[in-house]
Every structure is written in structure tokens, then in C-alpha cells.
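Let's take a walk through a protein model together. Have the sequence and the 3D view open, and look for each spot as it comes up.

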Amino acid sequence: MTKRNPDLDLITIGRSSIDLYGEQTGGRLEDMGSFAKYVGGCPTNIAIGASRLGLKSALITGVGDDHMGRFILEQLGREGVNVNGVKKDETRLTALVILGIRDSDSFPLIFYRENCADMALSAEDIDPDFIQSAKAVLVTGTHLSRENVRAASRKAIACAKEAGRKVIFDIDYRPVLWGLTNPDRGEDRFVSNNEVTRELQQILPDCDLIVGTEEEIHILGGVSDTTEALKNIRERTQALLVCKRGPLGCVAFDGPVPDSLEDGISGEGFEVEVFNVLGAGDAFMGGFLSGWLREEPVDECCRRANAAGAIVVSRHGCAPAMPTKRELDYFFEQESHPRKLSEDQVLENLHWSTTRAGDYDCLKVMAIDHRVQLEDMARELGRDPECLQQLKVLALEAADDIAQGDPSFGVLLDGGYGKRALEIAADRPYWIGRPVERPGSRPLEFETDGDIGAEINTWPLNHVVKCLVFYHPNDPAALEKAQQRQLVRLFDACRRTRHELLVEIIASKHGECDKKTTARVMERIYDLGVYPDWWKLEPSHDDAAWDAIASVINENDRYCRGVVLLGLSAREEELIKSFAAAARSPIVKGFAVGRTIFHDATRRWLGGDITDAELKSELTQNFKRLVKGWDAARQAATSRS
């Protein structure tokens with residue numbers, strides 16, 4: 001093994017799973033009717049938590065060569081976690097866990113891990129060069145519970161020590177995973193067992209950092225008195241010992257263990273309301289390592305760990321609840337916090353905005369989500385509106401011809417006539433938006449007659465909710481309030497269902513507009529506590545208008561993805577001309593244009609004057625010219641700056 005400088009901060013080894021979290025709370029797992037799907041497993045959560053806090057992390061685990069295994073790999077990629085050590089197992093399935101939140105003390109869970117992919121890891125799956133590429137390797141207790149995974153963990157430890165790397169041990173004790181309880185007792189945290197203690201203690205001499213709850217310290221130390229257990233552990237290792245104490249925070253020992261826990265290096269906890277403790281320990285480890293691997297003092301590591309754990313106990317899920325560096329910075333900047341952290345609107349928006357998948361420096365969208373206009377055109381020309389399904393598939397193909405798999409392109413499609421096109425788009429890497437507003441409604445109404453949240457909850461998570469609102473700052477008070485109520489409902493629904501939101505504003509149809517009109521509308525929407533991920537706005541030739549818009553966004557939501565231009569049926573030359581001013585504003589990312597691209601060609605197609613192939617060709621060329629126009633405008637703006 002040739003020694004090398006580490007490229008990574010951390011490699012974690014062990015469990016990975018799909019967590020199915022009950023969406024109903026306050027009842028039995030038997031009475032939960034729907035579940036949210038997340039990535040889970042102690043070392044997987046830690047790798048994600050560490051990555052969100054700025055560490056370069058990697059994971060060694062096994063996943064099935066199945067849909068859920070692919071989801072884990074894709075999510076790890078979105079989180080910035082290196083997956084070179086993740087083994088795809090063609091003969092085993094990805095592990096599954098079903099979890100619930102009954103009350104602040106009871107969290108039922110069931111592990112489905114019989115012959116699962118991550119428990120098939122063996123010593124042969126450990127690459128010494130990969131281990132050497134990190135400053136530290138983290139092993140977990142569950143992957144000491146069987147001979148093959150124990151061999152894998154021990155080989156990783158040996159490789160790390162040989163390369164002069166740190167070894168971290170998260171005790172991660174789940175009695176059910178050692179076969180010590182009935183399979184339905186996944187939430188049990190402690191069962192005394194001498195054999196488990198002996199196995200866990202085997203690796204202690206090689207450890208540099210050991211972290212566990214008091215119950216986990218008990219199993220590792222072989223006694224049920226915390227201080228005595230810590231002293232037993234100290235006899236076998238010189239590692240820094242960290243004992244997690246829930247709401248009391250934590251206590252660390254970098255030398256001899258005193259007779260009182262209070263004489264250790266104490267890290268005070270944060271007083272917050274507990275919603276869900278599952279995942280808090282993994283967040284704690286991620287927070288601690290974000291300091292420890294940067295050689296911060298132990299008390300600072302404890303502070304970061306306790307804060308990360310406090311944030312996660314206020315949220316649903318494990319991995320998705322992990323805080324980002326910006327969240328932790330904000331948390332420390334505040335002199336006080338609401339006891340119920342989920343009520344901190346700024347913190348919650350920071351979490352949403354800093355954990356979204358993907359970045360968009362540019363976005364060029366073919367918008368063909370129009371419904372009423374196309375239906376009217378079809379009927380006028382004697383065609384059955386059902387033919388519009390084919391139109392939208394052809395439009396998607398035209399966009400695909402230009403995009404060629406580039407994720408900076410996208411489509412706006414409705415779930416009616418655009419249903420088939422949406423299904424096809426699912427296998428392509430493009431941005432996808434879908435409308436929810438009833439066309440032309442003012443005040444704003446939604447297309448569904450039922451609950452808007454229930455409707456959006458049926459959509460794939462990568463579909464962005466698009467809502468057009470005809471909103472002028474001089475609208476009558478009653479009209480404005482009605483529209484605002486709908487926007488608040490929609491925003492809440494999007495956050496609950498984990499969908500991004502694009503708000504489209506058209507002000508010019510209902511009053512005079514100046515350089516601040518659109519910015520005034522946006523300010524009022526932000527004042528409602530509504531933070532759209534995207535804005536879709538009318539084009540303007542006025543730099544001052546774009547400056548006002550950028551100012552409102554930067555003052556209210558610096559993590560907003562940005563603005564795309566709408567077309568308003570403008571002539572192609574006029575629209576491209578308007579790109580120049582918009583492209584000078586960095587907040588404008590591109591365009592989402594429809595009728596300028598498709599109107600004339602679609603009319604001829606509906607009238608039988610051109611074929612499907614000719615329609616697709618015209619849409620392709622029209623879209624291509626707009627793309628070239630935007631790219632040229634952005635290039636000119638960049639060169640000028």
C-alpha cells in the first residue's frame with residue numbers, strides 16, 4: 001500500500017437502508033396509512049450529515065441492484081457523498097426500515113434486514129487505497145455483529161492504522177440486530193449481553209474516538225453504571241470518549257475517567273421540544289466530526305454536536321433532517337430559539353433551500369402547459385382536443401433534440417393533455433414544471449376541486465409546482481387577500497409534500513406598470529412567509545426593474561434559485577431583444593417560453609397543413625433560436641462585466 005495524502009475527510013462503513021417513515025404521528029404503527037421514503041442507516045446518515053457540514057465524506061456499504069438501491073446511490077450523489085465504496089449486490093435486496101413517531105418517548109421501528117445487501121460486505125470489499133484516501137474511518141457496532149461484516153470492519157481499521165489515519169467508533173447498538181430480541185422490538189435500545197460486549201471491545205485499542213449513548217456505553221463497558229462502564233472502556237483504549245446524554249447534552253473524556261460525569265468536558269444541551277429522536281445521534285456525530293476532523297477544541301466539537309442533534313429532534317426523518325453548515329451558523333448566531341424549532345421560519349427555509357438537489361446557473365424551458373388556449377384552437381379548427389396529447393409529446397421531443405440530455409433545459413407540462421409527455425420525461429434529466437392554477441382565474445383558483453396538498457402529493461418529487469397569479473400591487477384589498485390566502489395554502493402544501501414552487505406573476509394585464517411594480521408584488525408575497533424556489537416574470541428592457549427585483553430577492557431569500565422569463569406571446573425578435581437587459585442581472589437564469597415557440601406551427605398542424613414531423617422540426621428550430629438568443633445575451637453580459 002503506497003502512502004498518499006488524504007483526499008477525503010471521512011469514510012463511514014456499515015448500514016444503508018430505505019427508511020419508510022409514518023406520516024401520521026401520535027398513534028400506533030398499525031394505524032399509520034402513508035409513509036415518506038428517505039435514505040437511512042447510521043453510517044449513511046453520518047456520511048450525509050458530515051457532507052452537509054462541509055466535510056468530504058464517503059460511504060462503504062452494500063445496496064441491492066434494485067430501485068431502492070439506485071435511489072440510495074442517487075441521493076448520496078445529490079448529497080455530495082463519495083460512493084466509490086458502495087457495492088451493488090445483484091442477489092440481495094436493499095435493507096428496509098419502517099418507523100413511526102408515537103410520542104416524544106416512543107418511536108416504533110421494524111428492521112427488514114434478513115440477508116440484505118449491506119450485511120453481505122466482506123473483507124474483500126475493503127480497498128486499502130480507498131481507506132488511505134481519508135483522514136479517518138468510522139465503523140459502527142452493527143457491522144461487528146456477524147463474522148463477514150466484522151472482518152470487513154477490522155480490515156478497514158487495520159488499513160487505517162497502517163496509513164496513520166484516525167479510527168472512529170460509533171457504538172450504534174441495536175439489540176434486535178444482534179438477535180437479542182423479537183424482530184418487532186427494533187426500538188429497544190439496551191439488552192445486556194456479555195458476548196456482544198466482548199465483540200465490541202475487540203476493536204477498542206485501535207480507536208481514536210468513541211461515541212455512544214449511556215446505554216451504548218453500558219454495553220461497551222459491560223456494566224450498567226455509566227461511570228464504571230467508562231472506566232472499563234478507558235482501561236482498553238486511549239481514545240477520546242464521548243457520552244451522549246440526550247437533552248443534557250454530552251460529556252467527553254480525553255484522559256482518565258473521573259468519579260463524576262460532571263467532571264468531564266461538558267457540552268450543554270439546547271432546550272428544544274422533542275418531536276423525533278431517531279437520527280439525532282447520527283446528527284450529533286456529524287456535528288462532532290465537523291469540529292474534530294478540523295482539530296477544533298473538544299468543547300467546540302461538543303457544542304456543534306449538541307446543536308446538530310437539537311435541530312434534528314425537531315424534524316421528520318433522519319438523513320433529510322441533517323442540518324447544513326449554513327443552518328448551524330444561523331443557529332449559533334441567534335441569542336435565543338423557539339422551544340419548538342420548527343416554528344423558526346428562517347431556519348426551516350434555510351434547511352429547505354440549502355438541501356435542495358441540483359444547482360442551476362442556467363435554465364431554458366419550453367413551456368407547453370397551456371390548456372384552455374390550445375383547447376379553443378383545436379375546437380376552432382375542428383379537431384378533437386385529445387390530439388393535444390400528441391402535440392405535447394412532439395414538443396418534448398423537440399426540446400430533447402436541442403437539449404441532448406443537458407439538465408440545464410426543462411419543460412413545463414400539464415397533467416392533462418401533457419400526461420403522456422410527463423411520463424416520457426420521467427426518464428430524462430430535465431427540469432420539469434407542472435401548473436396548478438385554473439387557467440385565467442382571478443382571484444387565484446386551483447384546478448383541483450379538492451385539497452391542493454393531496455393533489456400535489458400524487459406527483460413525483462422532481463416535479464416543480466408552477467402557479468400563475470395575475471397580481472398587481474394596486475389590486476382591491478379583498479382580491480389581494482383572496483389571492484394571498486391561496487398562495488399561502490399552496491406554499492404550505494409544497495413544503496409538506498417536498499416539492500419546489502415556481503410562482504409566475506403577470507401584473508401588466510391589470511394596471512399600469514413601472515420599474516418597481518413586479519418587485520412590489522414579490523415583496524408582498526415574501527411578507528406572507530412564502531418563499532418560492534423560482535419566480536417566472538414578465539420581460540423588461542429596464543435595468544432598473546431587474547435591479548429592484550434582484551434587491552427584493554436578495555433581501556428576503558438569498559437562496560432563491562432565481563428568475564426565468566415568460567414570453568406573453570411576444571414576437572420572437574422582441575423577446576430576444578428583451579433578453580439583453582435580463583441577462584445582465586445574475587438573478588435571471590433563463591426563460592420559460594411557450595406560445596412564441598409553438599403557436600403558429602401548432603395552428604397549422606391542427607389545421608392539417610403540416611405533418612407531425614414538420615411540426616416537431618418547426619418547434620425545434622424555434623426553440624433553438626431562443627436558446628441561442630439567451631446564450632448570446634448572457635455571454636455579452638458576462639463579457640461586459
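Let's start at Asn115, which is partly exposed, with a relative accessible area of 48%. This is a predicted model, by the way. You'll find Asn115 in the loop between β7 and α3 (128–132). Its phi is positive, about 55°, even though Asn115 is not a glycine.

Gln404 is another one to look up: its phi is near 50°, again a positive value in a residue other than glycine. Gln404 sits in the loop between α13 (388–403) and β15 (409–412). Is Gln404 buried or exposed? With 62% relative accessibility, Gln404 counts as exposed, because the cut-off for that label is over 50%.

Pro443 belongs to the loop between β16 (431–435) and α15 (452–456).

## The whole chain

Now zoom out. How many helices and strands does the chain have? The secondary structure comes to 21 helices and 21 strands. The radius of gyration is 28 Å, close to the 26 Å that the globule rule gives for 641 residues, so the chain is as compact as a globular protein of that length. Along its principal axes, the C-alpha trace spans about 85 × 55 × 50 Å.

What about inside and outside? Of the 641 residues, 58% count as buried. The chain exposes about 26400 Å², and carbon and sulfur atoms supply 45% of that area. Take the contacts between residues at least 6 apart in sequence: 73% of these join residues at least 24 apart.

## The closed barrel

Next, find the barrel. Eight strands form a closed barrel that runs β14-β15-β16-β17-β18-β19-β20-β21, with parallel pairing. On average, neighbouring strands here are turned by 25° against each other, direction ignored. Where do the two ends of that list meet? Strand β14 (residues 363–367) pairs with strand β21 (residues 588–593) in the parallel sense, over four bridges.

Helix α17 (residues 517–527) lies across β18 (501–506) and β19 (534–537), and runs at about 150° to β19. Helix α18 (residues 543–556) lies across β19, β20 (562–565) and β21, running at about 145° to β20.

## The open sheet

There's also an open sheet to look at. Its four strands come in the order β3-β2-β6-β7, and the pairing is mixed. Which strands are at the edges? They are β3 (35–40) and β7 (109–112), each of which pairs on one side only. Neighbouring strands of this sheet are turned by 20° against each other on average, direction ignored.

Strand β2 (residues 17–25) and strand β6 (residues 95–101) run parallel, joined by six bridges. Look at Tyr21 there: its bridge partner in β6 is Leu99. Helix α2 (residues 67–78) packs on the sheet and touches β2 and β3, with its direction making about 65° with that of β3.

## Salt bridges

Side chains of opposite charge can pair when their charged atoms come close. How many salt bridges does the structure hold? There are 49. One of them joins Arg92 and Asp89, whose closest N and O atoms are 2.9 Å apart. Arg92 counts as partly exposed at 27% relative accessibility, while Asp89 is buried, with a relative accessible area of 5%.

Arg339 and Glu271 form another salt bridge, at 3.5 Å from N to O. Arg339 lies in the loop between α10 (325–333) and α11 (345–355), and Glu271 in the loop between β13 (265–267) and α8 (280–292), so this pair ties together parts that are 68 residues apart in sequence. Arg339 is partly exposed at 46% relative accessibility, and Glu271 counts as exposed at 68%. Then there's Arg326 with Glu333, where the closest N and O atoms are 3.8 Å apart; Arg326 is partly exposed, at 24% relative accessibility. Finally, find Asp369, Arg371, Glu437, Glu447, Lys466, Glu504 and Lys536: salt bridges that share partners join these residues into one network.

How values were computed. Residues numbered from 1 in each chain as written. Predicted model: local features only at pLDDT ≥ 70, side-chain atom pairs only at ≥ 80, totals over all residues. Heavy atoms only, no water. Salt bridge = Lys/Arg side-chain N within 4 Å of Asp/Glu carboxyl O. Buried < 20%, exposed > 50% of the residue type's maximum accessible area, 1.4 Å probe, protein only. Helix = DSSP H or I, 4+ residues; strand = E, 2+ residues; numbered from the N terminus. Pairing = 2+ DSSP bridges. Axes fitted to C-alpha atoms, helices over the stretch in contact; angles between N-to-C directions. Contact = heavy atoms within 4.5 Å. Rg over C-alpha atoms; globule rule 2.2 N^0.38 Å. Areas by Shrake-Rupley, 256 points an atom, 1.4 Å probe, with all protein chains shown as cover.
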